[in-house]
Amino acid sequence: MYSGPFQPGDKVQLTDAKRRHFTIELTPGGQFHSHKGIVNHDDIIGADEGTVAKSTLGADFLCFRHLLVDHVLSMPRGAAVIYPKDAGQILVEGDIFMGARVLEAGAGSGALTMSLLRAVGPQGHVFSYEIRDDHLAYARDNVSDYFGGEPEWWTPKLGDFGEITTEDLGGPVDRVILDMVEPWHFIDTVKDVLIPGGVFMTYVATVPQLMNIVETIREAKCFTEPRSWETLLREWKVEGLATRPEHRMNAHTAFLVWTRRLADGVTPPRPQRRARR
Ligand SMILES: C[S@@+](CC[C@H](N)C(=O)[O-])C[C@H]1O[C@@H](n2cnc3c(N)ncnc32)[C@H](O)[C@@H]1O
């Protein structure tokens, strides 16, 4: 359940007065023990989200279900995850539409997978390839944990992205998203499986990776001129006259590269650059 009163089996995030989070799974008769006393699960079951549960020692705990971002930031990881600020960019700039057929690799810990699965919905399909079985196991566990089982519109596969064929996918896909160290090795696979007009996005952490993938896309001559960017997210503290940007920020996660597949046989128009003086 994503909304409505709390039910047995729900994962609930308890937040104490110091804004510390504790996650519990509601079971009838269950108890949450802390040094601030015991909270009985039965006091939470049936209550609306946003309720406050009192412990036996009188401490207050705010109760909410996990949002997808809470799940992603707290779940076990095999590999580094795509953070929400970048996942949001991929969903919108990558035009992940309801009903889309999306191919991603590597599945890693399954963080991006969950956003893709929610965006395409049961009418769409997400194929998640992962070369490491231990990482795929993390992805499967994390996705199952969030959706209460593996969604029918998801195909997690152990395998090398470079060996995928259109037949494996039951036809071409609308979108390809790559999050791996050397995506430039797989441009031929992207070209083969992506439908004309389809969007290809890749997520790379360093400048040499960025240069390499952009040059490879250009050389393939079957994609539009790639766009590259990064997203800087700075939180603000808003407290009267002390309102100001937070001192700390995660300044860099990765660069995103975006391009679209041209129709077969089309030569990409040369990008026009201003003549140098
Ligand atoms: C940074 S992780 C992906 C994280 C994932 N996007 C997430 O949000 O949780 C990169 C993954 O790519 C996988 N990988 C690397 N090369 C691959 C290949 N050729 N085919 C499939 N997966 C590959 C790695 O094993 C690793 O798990």
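These are some numbered notes on the predicted model above, from the overall fold down to single residues.

1. Ground rules. This is a predicted model, so local features need pLDDT of at least 70 and side-chain atom pairs count only at pLDDT 80 or more, while totals for chains, interfaces and linings use all residues. Residues are numbered from 1 along each chain as its sequence is written.

2. Overall picture. The protein chain has six helices and 15 strands; helices (H or I, at least four residues) and strands (E, at least two) are DSSP runs, numbered from the N terminus. Its C-alpha atoms fill a box of roughly 70 × 50 × 30 Å along the principal axes. Of the 277 residues, 34% count as buried. Buried means that 20 or more other C-beta atoms lie within 10 Å of the residue's own, exposed means 12 or fewer, and partly exposed is in between, with C-beta atoms placed from the backbone. As for contacts (C-beta atoms, placed from the backbone, within 7 Å), 60% of those between residues at least 6 apart in sequence join residues at least 24 apart.

3. The ligand shell. There are 21 residues around the ligand, and the closest are Ala79, Gly106, Gly108, Ala111 and Phe161; a residue is near a molecule if its C-beta atom, placed from the backbone, lies within 6 Å of it. The shell splits into 11 nonpolar, six polar and four charged residues. Here Ala, Val, Leu, Ile, Met, Phe, Trp, Tyr, Cys and Pro count as nonpolar, Asp, Glu, Lys and Arg as charged, and the others, Gly among them, as polar. Helix H3 (111-120) and strand E8 (125-130) each supply at least two shell residues.

4. What the record says. An unreviewed UniProt entry puts a "binding site" feature at Ser109, Gly110, Ala111, Leu112, Glu130, His135, Asp160 and Asp179.

5. Gly110 sits in the loop between strand E7 (101-105) and H3, and it counts as buried because it has 32 C-beta neighbours inside 10 Å. Beyond four places in sequence, Gly110 touches Tyr138, Ala139, Asn142 and Val143. His135, in helix H4 (residues 133-147), is partly exposed, with 19 other C-beta atoms within 10 Å. Leaving aside neighbours within four places, the contacts of His135 are Gly78, Ala79, Gly106, Ala107, Gly108 and Glu130.

6. Helix H4. Its buried residues are Leu136, Tyr138, Ala139, Asn142, Val143 and Tyr146. They cover an arc of only 155 degrees around the axis, so they lie on the same side of H4; the arc is that of the directions from the helix axis to the C-beta atoms. Asp133 and Asp134 are exposed on the other side. Cover for the buried residues includes helix H1 (68-74), H3, E8 and strand E9 (154-158). Just after H4, Gly148 has a positive phi of about 70 degrees.

7. Backbone spots to look at. Ala105 and Gly106 are joined by a cis peptide bond, with omega about -15 degrees, and Gly106 is in the loop between E7 and H3. Arg19, a residue other than glycine, has a positive phi near 65 degrees. Arg19 lies in the loop between strand E1 (11-15) and strand E2 (21-25) and is exposed, with 7 other C-beta atoms within 10 Å.

Note on methods. Contact = placed C-beta atoms within 7 Å. UniProt positions renumbered as here; feature names shortened; annotations may be inferred.
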